[in-house]
Amino acid sequence: MKRILLSCTLACIILAGCTEKEPLYLNPELPAEKRVQDLMKRMTLEEKVAQMSQYVGVEHMKAAEKEMTPEEMKESHAQGFYPGLHSSELIEMTRQGLIGSFLHVVTAKEANLLQSYAMESRLRIPVLIGIDAVHGTGLYHGATIYPTSIGQAATFEPELVERASRETALEMRATGTHWAFTPNVEVARDARWGRVGETFGEDPYLVGQMGAATVRGLQTADFTGFDKVIACAKHFVGGSQPINGINGAPCDISDRTLHEVFLPPFKDCVDAGVFTFMMAHNELNGIPCHVSRYLMTDILRDRWQFDGFVVSDWMDIERVHDKHATAATLDEAYLQSVAHGMDMHMHGPDFADCIIRMVREGKLPEKRVNDAAAKILLAKFKLGLFENPYIDEEKVDEVVFNAAHQQTALEMARKSIILLKNENSLLPIDRNRYKKIFVTGPNADNETLLGDWSFRQPDENTITVIEGLQQVSPESDFEFFPFDTNLRTMEMSRVKQAKERAARADLAIVVVGENSMRYMWKEKTCGENVDRYELSLVGLQQELVEEIYNTGVPTIVVLVNGRPLSTEWIADHIPALVEAWEPGSFGGQAIAEILFGEVNPEGKLPITIPRSAGQIQTYYNYKQTSKWFNYGTGKSTPLFEFGYGLNYSRFEFSPITLSANSMTPQGSITATVEVRNTGRVTGSEVVQMYIRDCYSSVVRPVKELKGFSKITLRPGESRKVSFEITARELSFYDIDMKYGVEKGDFLVMIGNSSRDIDLQREQFVVK
């Protein structure tokens, strides 16, 4: 008996000595990579695959369950639930550690609740919560809404975009989210596509600069910490040039175009440290992007050495089976996607079971699962979620929509607005001459200023155009005539009434454009999955402008829209035209300040505006033969060119001075111009440098943007602006698809737009 007791005692002592007080992965003093290794050793296959599985938030799911049928869910890109899986079961799965990530969680309360469920799991692994914070965390009620991406690009200020993105990261963490599904660095070459406003425009260089700035703002140099989020470069790749303008339609482009136009902005994001990629809805040259080994492995990981993780887009792996039909079964689609490089599935319950089964059947190496789960866990460790997955709900208001963020949003709005036409200097408005001002138009008093990826915001947080006008010029006598937000149901009787009212005014301001309001999905004319086959003003907006113009009253048109519109008649007849894009929370104030001259406009077009959809594709960096002949009817030139934008100052450019007339591929040349403000007010100008290879082994564009610099000058002030030209600015893919510089003549062009008449020119030789 004594021997038995002694043996038991010794066994207990030995077991106690072997018992770990705290797992290594919970030790914040250890490097994140070491913590990942320790945690992975403790995880079952089911728990690893769970990290690869994302679901919509419980509250989103409850709403979708009420509003949608299973058939509608299959076609939806915005709302989702899971037939046969109740929201209560989703909670239980989180408690069991079978969910690694959520999206569409739009309240701090729900974010904390989901984390509390995750803390009940065996290993207490927190969930990673992603959200479409494209221009501010706009799906959160009360957030700061910055101009949409197309407006951000119009500022030509990457530093400002980085600052706004940094503030967005702070608001995200304050409200419980950790992963921004942005930047969208697709190069927009088809204005019919509804998501143009979500991009930074048509130029690979500009898109890359703005995308990299967004990544730096969201992640900083290293996203370790409680005030950072991870960024997501999307959609990889080609979705912005669908064959018919429709979101998700096939993209058929040459390998040269892929590498010269569409891939560079994504590479810029990799160089900036982006930690996640999202694949594109579409097929690229016949291969669905979600199962493309070439994109996810050959290019992204092997060639670019990307070390983050890849996420699918909304149910797009499923579409490999039921839409693209390149996988005979859903299981085959999941297997192809993960085997070829996919790390996380957005969203749904079938994925995890399939991947577990494929590993156990030997069809998928477990190493592929380990690699994916490890990257996702690394993000959670670096973001500090294991130390504290919760947020203090009482401190949300200290961060969200605070004074500093409001000021940035206002500054960005001011700098994003573009003056396209100002005949006879109608602008800025002379308060002494124009005392009675008539204001109308569907977009004069609503939240379409906020753009897509924004839910309804508090009224007090959004300044509409009429509110901005009244605020900036309280002494003016404004008469406002409203229209409903539904552009498709405008009534001619209301248009006639507006004309009668306008006839009594000294000046008319008409605010027209499109409707991107996400919470009015059936009224949208722009944004995600709202594509068009023509680009004119929807409804009776054109008639409204013409009727008011016909009164003889001087008329100003303000466009609030997310894509270029073919407003040729307006450009030809209306004396003052302003492109405001979707300028965010303070858009109405910024527009009013520009109209009344409180602010000098400085925005430049980041995309060419065509005269009609028939000009698509139209972009400034075209090949010479695409302009070989004119169209048989109408004008062949664009309505407004890339890089164009007026202001209330006037700037003169000196001829270009080169530091040398020749260089080697290893050397450099400096090109310099002197810019003088010959106007009467202080203004800012974007100095743009374009390059052309005069003769080359393959056909090259007539010009390509390779540098820009914004300067501010007082009246009479001048400044020299220099650009260094190196192999980076001159390289391209030659006839053998080898990247480098070819010898020969090059043309450098510097000016304030891509228009030939706005550019100074000088030639040099690469020996």
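Analyst: Helix α16 is followed by glycine 362, whose phi is positive, near 80°. Helices here are DSSP runs of H or I with at least four residues, strands are runs of E with at least two, and both are numbered from the N terminus. The model is predicted, so local features need pLDDT of at least 70 and side-chain atom pairs count only at pLDDT 80 or more, while totals for chains, interfaces and linings use all residues. Residues are numbered from 1 along each chain as its sequence is written, and side-chain values use heavy atoms, with hydrogens and water left out.

The helix α16 itself covers residues 350-360, and its buried residues are Phe351, Ala352, Cys354, Ile355, Ile356, Met358 and Val359. Buried means under 20% relative accessible area, exposed over 50%, and partly exposed in between, with a 1.4 Å probe and protein chains only. Contact means heavy atoms within 4.5 Å.

Next, the sheet. Its three strands form an open sheet in the order β5-β6-β9, with parallel pairing. Two strands pair if DSSP finds at least two bridges between them. At the edges are β5 (232-236) and β9 (309-311), each pairing on one side only. From one strand to the next, the twist averages 25°. Strand β6 (residues 276-279) is joined to β9 by three bridges, and methionine 278 has valine 311 in β9 as its bridge partner. Across β5 and β6 lies helix α12 (residues 264-271), which runs at about 160° to β5. Such angles run from 0 to 180 degrees between N-to-C directions, and the axes are lines fitted to C-alpha atoms, for helices over the stretch in contact.

Last, the loop between α24 (587-595) and β17 (651-653) holds asparagine 600. This asparagine 600 is buried, with a relative accessible area of 14%. Leaving out residues up to four places away in sequence, asparagine 600 touches Asn647, Tyr648, Ser649, Val681, Thr682 and Gly683. Its side chain reaches the backbone nitrogen of tyrosine 648 at 2.7 Å, and the side chain of asparagine 600 also reaches the backbone oxygen of threonine 682 at 3.0 Å. A polar contact is a pair of N or O atoms within 3.5 Å; within protein, one must be able to donate a hydrogen and the other to accept it, and residues adjacent in sequence count only if both atoms are side-chain atoms.
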